[in-house]
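I opened the model to look up ring pairs first, then the pairing of strands and the packing of helices. My notes follow.

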Amino acid sequence: MKKMIGFIICLVALLTVAFFTTKTETVTKEEKPMVGILQLTSHPALDLIYKGIVDELNDAGYIDGETMTLDFQNAQGDQSNLNSMSTRFVSRGADVMVGIATPSAQALANSSQDIPIVLGAVTDPEGSGLVKSNEAPGGNITGVSDLTPIKEQFSLIKEVLPEAQKIGILYSSSEDNSIVQAEQAIEIAEEMGLDTQVMTVSSTNDVAQVASTLAAQVDAIWVPTDNTIASAMNTLVSAADSNLIPVFPAVDTMVEEGGLATVGLDQYELGRLTGEMVVAILNGDADPSTTPIRYLDQGTIIINEEKAEQLGITIPTQLLEKAKK
């Protein structure tokens, strides 16, 4: 009888310890949220967005390994990686998931209709089918658009190259965001009295040949915010340089890689704005379904003076004075 009582006491003690241990672990998990960030590929523009997100999280007190768990995954442009990494976040119980670039966001959206998803650098969330509307998303997704000021970019082309008549437009036919921008660019160019020559690529392997063909037919080349083109920017610039044709990209970092000029969005600030929305959700201050898609207020003029000199192009003084130093 005494042995039985002793056994019961030991059993109760073990169950009590197990109960409080489990409760402690649950509290710890609740106090330390997890954020999964999925980046399409390695590229200076996308890398800056990621840095901006992390810096904003840190400034708000969400520090990896201390007050939060950050799971960063880079798919390196592979669709199967995007899918498996999205599933990873869901299985790990992420509190918020972030998609850097449209394909990443689409993969996350396919993996969960419940976990809050914040878009980083998605040009047209509504057009991509990620939200019901950019003003009222209506589901578990909200975020930041990297829609570039295309009209201002074409005005810049006319100011730098007043004699230009035909503008080449090069983009990836496999990226929804690029298609949207290209359609807008064609319309804007026509309104400005410019002719356009449009060519597309399906992968980075096509860029060299297509760019060479396009550069031989136009006075300048414009490219949208396009992950495929961005990954092959050096190839595009090389083909354009061979024909002494300037490239006007939509992204600031692509100017640094050999483009001539742009009115671009600061990629780091896009990241900070994305991080701000993640923080609001973690703090319980925002609901993705009722949080409108956000945009940066204005673009910045960025000029590659070294490239201008190389191509024999004189940049108007008033533009140089306005340009980001």
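Aromatic pairs. I count two aromatic pairs, taking rings of Phe, Tyr and Trp (its six-membered ring) with centres within 6.5 Å; planes under 30 degrees apart are stacked, over 60 edge-to-face, the rest tilted. I looked up Phe154 and Trp222, a tilted pair with 5.5 Å between centres and 45° between planes. Phe154 sits in helix 5 (residues 150-160) and Trp222 in strand 8 (residues 220-223), 68 residues apart, so I note a link between distant parts of the chain. Helices (H or I, at least four residues) and strands (E, at least two) are DSSP runs numbered from the N terminus.

Basis. This is a predicted model, where local features need pLDDT of at least 70 and side-chain atom pairs 80 or more, while totals for chains, interfaces and linings use all residues. Residues are numbered from 1 along each chain as its sequence is written, and side-chain values use heavy atoms, without hydrogens and water.

I read an open sheet of four strands, order 7-6-8-9, paired in parallel; pairing takes at least two DSSP bridges. Strand 7 (195-201) and strand 9 (247-249) are the edges, each pairing on one side only. Strand 6 (residues 166-172) pairs with strand 7 over seven parallel bridges, and Ser172 stands opposite Val201 in strand 7.

Helices. Helix 7 (residues 207-215) packs on the sheet and touches strand 6, strand 7 and strand 8 (heavy atoms within 4.5 Å). Its direction makes about 170° with that of strand 7; axes are fitted to C-alpha atoms, for helices over the stretch in contact, with angles from 0 to 180 degrees between N-to-C directions.
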